[in-house]
Amino acid sequence: MNTGARQGLVVPEQRQKRGRSNGDRRTNMRIDENARQPKGAGCAGGRPRVFVAAENRLLREALSRMLAKGGNIEVAGVYGAGPFRTEDLLKEEANILLLTSRGSMNEDLAAIRMVRASAPNVQILLIGVTGEETEFLQCVRAGVRGYLPKNASAEDVVEGVRAVQAGEAVCPGTLCALLFHYFEREATSFPSASVRQRMGLTRREQQLIPLIAEGLTNKEIANRFCLSEQTVKNHLYRMKHKVGAEDRLSIVQVCRTQGFMV
């Protein structure tokens, strides 16, 4: 496709501020009302019913118009400002949620997990903010089916929706390679199962031991496994109680005495 015809999705900050008005309220406006099919037709007939959730009014209207013009895609509803809720998503019987990042990793992950818990049949296509590796992997772990960077084109989004509807996973090629490296690292870092039997450590807790021995901080360990820093702290707390250690160093020492480390 001619690159000059590709429409970017980034909304300039100045326009974004001017666009804030009553439209920032949650709304259930319809796109091309006369062309709508009955609810549920998206799943049965292969036509995706997309629910657009974007905090910025200009962006969500642009996404809605773009999808409506994309052909064979129905915009079931939109969601604006405020914490994301799943009530309207369920009411509109959407089968794809097009979610734009709100700029906070914690908020994005909370929204993704909420949808996976309340509407497990809805596939999530996220338009991210930074495209950083850690952010991407955390979103995959939370349950997105597709991930596009913030500079994705209109064509990228339409193709992404169609791919997700067809049961495919969507992400840029560079991030796809990252997934392969991540799972390769996971597969080669599983210690012996005998450690779990002797010490009661889970697989994840076993994976942390060499990193603790290397002197990595909680934050560095969290980034290595795409976890939150609090999750790492929780793992360490449980590990100390399981092996009878008083601190991080003691965990390593006990594991050495048990033959886990040379």
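Helices here are DSSP runs of H or I with at least four residues, strands are runs of E with at least two, and both are numbered from the N terminus. By that rule, Q165 sits in helix α7, residues 154–165.

Now the ground rules. This is a predicted model: local features need pLDDT of at least 70, side-chain atom pairs count only at pLDDT 80 or more, and totals for chains, interfaces and linings use all residues. Residues are numbered from 1 along each chain as its sequence is written, and side-chain values use heavy atoms, with hydrogens and water left out.

The overall picture. The protein chain has 13 helices and five strands. Buried means under 20% relative accessible area, exposed over 50%, and partly exposed in between, with a 1.4 Å probe and protein chains only. Of the 262 residues in the protein chain, 44% are buried. Contact means heavy atoms within 4.5 Å. Take the contacts in the protein chain with a separation of 6 or more: 67% of them are between residues 24 or more positions apart.

Next, the cores. A nonpolar core is a set of buried Ala, Val, Leu, Ile, Met, Phe, Trp, Tyr and Cys residues joined through side-chain atoms within 4.5 Å. The largest one has 28 residues. Which of them touch the most other members? They are F84, L89, L97, L99, I112, V115 and C139. At least two residues of this core come from each of β1 (49–53), β2 (74–79), β3 (96–100), α5, β4 (123–127), α6 and α8 (173–188). Helix α5 gives the most, with five residues. Look at C139. Not counting residues up to four places away in sequence, C139 touches M105, L109, I112, L126, V144 and Y147. There is also a second, separate core of 22 residues, with L63, V75, V157 and V164 among them.

On to the second largest pocket. The search runs on a 1 Å grid over the protein atoms alone. A pocket is an open set of points where a 1.4 Å probe fits, with protein on both sides within 12 Å along at least five of seven lines; lining residues have an atom within 4 Å of a point. Grid points are joined across faces, edges and corners, and the volume is the space filled by probe spheres set on the points. That comes to about 330 Å³ for the second largest pocket. Its lining has 15 residues, and L109, Q138, C226, L227 and S228 lie nearest the centre. Helices α5 (105–118), α6 (133–142), α11 (218–225) and α12 (229–243) each supply at least two lining residues. The largest share is four residues, from α5. What is the split by residue class? Five are nonpolar, six polar and four charged. For the classes, Ala, Val, Leu, Ile, Met, Phe, Trp, Tyr, Cys and Pro count as nonpolar, Asp, Glu, Lys and Arg as charged, and the others, Gly among them, as polar.

Stay with C226 for a moment. C226 is in the loop between α11 and α12. Its phi is positive, about 60 degrees, although C226 is not a glycine. C226 counts as buried because its relative accessibility is 5%. Now E93, in the loop between α4 (87–91) and β3. E93 is not a glycine either, and its phi is positive at about 55 degrees. Buried or partly exposed? E93 has a relative accessible area of 39%, so it is partly exposed.

Then the polar contacts. A polar contact is a pair of N or O atoms within 3.5 Å; within protein, one must be able to donate a hydrogen and the other to accept it, and residues adjacent in sequence count only if both atoms are side-chain atoms. N218 is in helix α11. Its side chain makes a polar contact with the side chain of R248, at 2.4 Å. N218 is at 15% relative accessibility, so it counts as buried. Helix α13 covers residues 248–257, and S250, I251, V252 and C255 are buried there. D247 caps the N-terminal end of α13, with a side-chain oxygen 3.3 Å from the backbone nitrogen of L249.

Last, back to Q165. Q165 is partly exposed, because its relative accessible area is 24%. Q165 and V122 are 43 residues apart along the chain, and their C-alpha atoms are separated by 10.0 Å.
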